[in-house]
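Me: I would like to know how the words used for a structure follow from its values. Please take me through them one at a time.

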Amino acid sequence: MSSGPLYLAIVIESDLKVVSEAKVDFDADFAAKYKVVKGVLANEDEGEVYAPVAMWVEAVELVLNRLKDNGCAIKNIKGISGSGQQHSSVYWNKHAEPTLKQLDGKKTLIEQLSHVFAYEFAPNWQDHSTQSECDLFDAHLGTREQLAEVTGSAAHHRFTGTQILRMRRRRPEVYNSSTRISLASSFLASVFLGAIAPIDISDVTGMNLWDIASEKWNEKLLELTATKEGVAELYKKLGDVPIDGGKSLGSISPYFVERFGFSPDCQIAPFTGDNPATILSLPLRPLDAIVSLGTSSTFLMNTPHYKPDPSYHFMNHPTNKNHFMFMLCYKNGGLAREKVRDRLTKSPGPDPWANFNKKVLETPPLDIRKEGDKAKLGLYFPLPEIVPNVQAGTWRYTCNPDGSDLAETPSDWGADVDARIIVESQALSMRLRSHGLVRSPPGRPELPAQPRRIYLVGGGSLNPAIARVFGDVLGGADGVYRLDVGGNACALGGAYKALWALERRDEGESFDELIGRRWREDEAIQKVDDGFRDGVFQRYGNVVPAFEAMEKRTLAVAHN
Ligand SMILES: Nc1ncnc2c1ncn2[C@@H]1O[C@H](COP(=O)(O)OP(=O)(O)O)[C@@H](O)[C@H]1O
Ligand SMILES: O=C(CO)[C@@H](O)[C@H](O)COP(=O)(O)O
């Protein structure tokens with residue numbers, strides 16, 4: 001199962017073959033009833049973005065009905081896991097536990113669950129209403145760097161700790177009447193379990209509340225969120241977090257046995273966040289990177305090294321203890337590219353990206369066409385950005401090919417050039433921030449430090465010109481690949497997680513060992529670009545410091 005603007009149910013067999021699928025698209029299926037756009041509602045005045053929890057409840061029922069209608073042998077399903085969009089929180093009230101335990105299989109879920117929420121909405125990852133709470137979090141342990149050191153991230157608007165603090169201050173009645181708080185992932189697991197499921201060991205690191213080194217809630221941050229007197233109460237609301245991401249939470253609720261024909265032995269494994277689940281969509285080796293080109297863009301790596309910094313995230317790996325997920329998350333991904341595309345002449349054929357791609361491929365790296373030309377760099381943020389934390393805007397700069405003489409360009413150089421520069425800009429930001437995690441690929445010391453492979457997922461992964469530019473800028477000694485599941489990598493990762501939880505020989509058998517043995521590379525991925533190109537890669541390397549300086553200048557102006 002995955003949640004984003006949709007719920008997707010994927011059923012796989014032990015050999016990883018997908019045997020059934022069903023989808024609920026929140027906008028297509030529920031916009032009339034819940035008025036959502038891209039799955040969410042917004043209160044612009046306060047910067048709130050949120051989803052109706054009742055819609056999620058209805059979507060569970062609908063996706064299972066569709067799975068059944070598609071002929072899936074539901075009774076053969078042995079285990080369920082899944083993923084939910086990170087950071088979103090669900091506030092349950094005192095009716096939740098007893099109601100979940102006694103669901104009547106003759107009635108719909110929504111008929112029975114509509115009164116169990118202390119708040120009818122779940123704040124969404126795009127919410128940006130919590131600046132003052134972020135300031136408190138960043139200062140509370142001393143500095144932003146210290147908060148990042150302890151929790152893996154500096155304070156972010158969407159992180160659940162800042163959201164909970166705002167809820168307590170802005171809607172105290174909701175906070176006080178909530179008996180439990182779930183994340184989107186543990187909310188879904190709770191529905192299937194018929195009891196409030198614990199928060200997942202990876203998803204908990206998207207809250208700014210979890211002390212990664214000591215593997216427990218951080219007392220001081222709980223105090224900030226709940227006041228000193230409220231810590232015990234908040235602890236109860238959040239619950240204990242099991243360290244093993246593969247341990248069954250229990251059997252499926254009898255409700256699903258009666259209503260949909262699940263086996264009573266079907267096990268519920270912890271659900272995780274959409275990004276942690278994405279790194280489970282293939283056996284990711286050290287030095288491999290996943291770039292998710294969806295509405296947002298994310299850059300993910302699996303690493304044993306913990307080197308936190310306020311500008312990115314380290315999260316617990318969902319299945320490998322002592323490993324971490326390195327993540328960059330950008331708000332301006334697909335939408336920003338679409339804005340540039342839409343300034344170009346409309347593509348004549350059925351592919352709306354044809355013209356954009358032509359411009360990308362016709363423009364040389366950094367738009368340096370001849371000796372003496374300046375390199376072009378830009379920042380394209382139609383939405384306020386997370387990385388770096390800057391307001392909406394577009395900035396265009398030039399510098400010498402060696403990175404010197406950086407200067408802002410007052411004029412717009414036109415969408416024809418923007419097409420390549422925006423894609424380069426997105427990739428350069430990833431290269432700048434991931435340089436500490438990469439090195440020369442094993443056995444190839446002659447190559448500069450870079451990822452071994454780059455796996456593209458999400459809507460933008462269908463685009464060959466974008467793949468080419470990501471290969472030019474980020475390298476990828478073994479090439480750039482597309483995961484054939486397109487935008488559904490996190491749902492597939494959820495299914496693999498259930499399989500690992502059920503079939504691992506013992507707690508020692510790692511996810512990568514088990515999935516690695518069964519994974520058929522030729523069926524799962526497609527090489528879409530050669531990746532590293534000697535010379536081109538170094539040309540981009542020369543301007544990385546200028547790119548960083550451009551961001552700093554933009555930030556300095558924005559914050560003055
Ligand atoms: N051929 C394409 N080229 C470039 N971008 C594309 C292409 N097809 C889809 N996209 C982009 O993919 C994004 C949606 O990605 P998807 O992974 O489906 O969404 P989400 O992140 O919401 O799950 C959109 O912003 C769209 O512009
Ligand atoms: O906030 C983050 C990661 O920190 C985002 O990556 C969301 O998890 C994206 O969810 P979608 O709406 O794209 O599924």
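Reply: Buried residues make up 54% of the 560 residues in the chain. This is a predicted model, where local features need pLDDT of at least 70 and side-chain atom pairs count only at pLDDT 80 or more, while totals for chains, interfaces and linings use all residues. Residues are numbered from 1 along each chain as its sequence is written, and chains are lettered from A and ligands numbered from 1 in the order in which they are written.

Me: What makes the phi of asparagine 208 worth a remark?

Reply: Most residues other than glycine have a negative phi. Asparagine 208 is not a glycine, yet its phi is positive, about 65°. Asparagine 208 sits in the loop between helix 9 (184-193) and strand 11 (210-211). Helices (H or I, at least four residues) and strands (E, at least two) are DSSP runs, numbered from the N terminus.

Me: Why does leucine 366 count as buried?

Reply: Leucine 366 has 25 C-beta neighbours inside 10 Å and therefore counts as buried. Leucine 366 also has a positive phi, of about 60°, although it is not a glycine. Its place is the loop between helix 15 (354-362) and strand 20.

Me: Why are helix 14 and helix 16 called roughly antiparallel?

Reply: Angles run from 0 to 180 degrees between N-to-C directions, with axes fitted to C-alpha atoms over the stretch in contact. Under 35 degrees counts as roughly parallel, over 145 as roughly antiparallel, 65 to 115 as roughly perpendicular and the rest as oblique. Helix 14 (residues 334-343) and helix 16 (residues 415-434) pack at about 160°, their axes 9 Å apart. The two helices are therefore roughly antiparallel.

Me: Which residues make the contact between helix 14 and helix 16?

Reply: Helix 14 contributes Ala336, Arg337, Val340 and Arg343, and helix 16 contributes Ala415, Asp418, Ala419 and Ile422. Two residues are in contact if their C-beta atoms, placed from the backbone, lie within 7 Å.

Me: How do you know that the chain agrees with a compact globule?

Reply: The radius of gyration is taken over C-alpha atoms, and the globule rule is 2.2 Å times the number of residues to the power 0.38. For 560 residues a compact globule would have a value near 24 Å; the chain has 23 Å, so the two agree.

Definitions and conventions. A residue is buried if 20 or more other C-beta atoms lie within 10 Å of its own, exposed if 12 or fewer, and partly exposed in between; C-beta atoms are placed from the backbone.
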